[in-house]
Amino acid sequence: MFMTAAERVSPPSPVRADVGRSPFVRLRELLSDIEPGKPPISLAVGEPQHGVPAFVARVIAAHIDEFGRYPMNRGLDDFCQAAAGWLGRRFALPRPIDPAS
């Protein structure tokens, strides 16, 4: 049976009417009638409004030589063994994968 593209498109679900709308717009609408006991905290993406905590500068300074490099790309041993086993079973590999490499 042949279907055109127009026939394959499902009508929008009334349950999922918010799909495709910004979650921030939807949240604003959901919270519009609520009067909290304290001023709201904006979670909008944008410019920071507060200073950086003092400990952040110390941590960055202590690890400044690590910037500009990717972190180690090694998983936990249990995960590596599970992943190697799954790959072998899933793809029926002719030899086992070494989880250490």
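**Charges, rings and surface**

Arg26 and Glu29 make a salt bridge, with 3.7 Å between the closest N and O atoms. A salt bridge here is a side-chain nitrogen of Lys or Arg within 4 Å of a carboxyl oxygen of Asp or Glu. Before we go on: this is a predicted model, where local features need pLDDT of at least 70 and side-chain atom pairs count only at pLDDT 80 or more, while totals for chains, interfaces and linings use all residues. Numbering runs from 1 along each chain as its sequence is written, and side-chain values use heavy atoms, with hydrogens and water left out.

Me: How far apart along helix H2 are Arg26 and Glu29, in helical turns?
Reply: Helices are DSSP runs of H or I with at least four residues, numbered from the N terminus. Arg26 and Glu29 are three residues apart in helix H2, so the separation is about one helical turn.

Me: Which residues do salt bridges that share partners join into one network?
Reply: Asp77 pairs with Arg74 at 2.8 Å between the closest N and O atoms. Elsewhere, shared partners link three residues into one network: Arg21, Arg26 and Glu29.

Me: What is the N to O distance in the salt bridge of Glu29 and Arg21?
Reply: Side chains of opposite charge can pair when their charged atoms come close. Glu29 has a relative accessible area of 39%, so it's partly exposed (buried is under 20%, exposed over 50%, partly exposed in between, with a 1.4 Å probe and protein chains only). The Glu29 and Arg21 side chains meet at an N to O distance of 2.7 Å.

Me: Is the aromatic pair of Trp86 and Phe91 stacked or edge-to-face?
Reply: A search of the whole structure turns up one aromatic pair. Rings of Phe, Tyr and Trp (its six-membered ring) pair if their centres lie within 6.5 Å, with planes under 30 degrees apart counting as stacked, over 60 as edge-to-face and the rest as tilted. The Trp86 and Phe91 ring centres are 6.0 Å apart and the planes sit at 85 degrees, so the pair is edge-to-face.

Me: Which residue lies over the face of Phe91?
Reply: A charge sits over a ring if NZ of Lys or CZ of Arg is within 6 Å of the ring centre and within 35 degrees of the ring normal. At 4.8 Å from the Phe91 ring centre, the residue over the face is Arg90.

Me: Is Ala92 buried or exposed?
Reply: Ala92 sits in the segment after helix H4 (77-91), and its phi is near 45 degrees, positive in a residue other than glycine. Its relative accessible area is 63%, so Ala92 is exposed.

Notes:
Helices (H or I, at least four residues) and strands (E, at least two) are DSSP runs, numbered from the N terminus.
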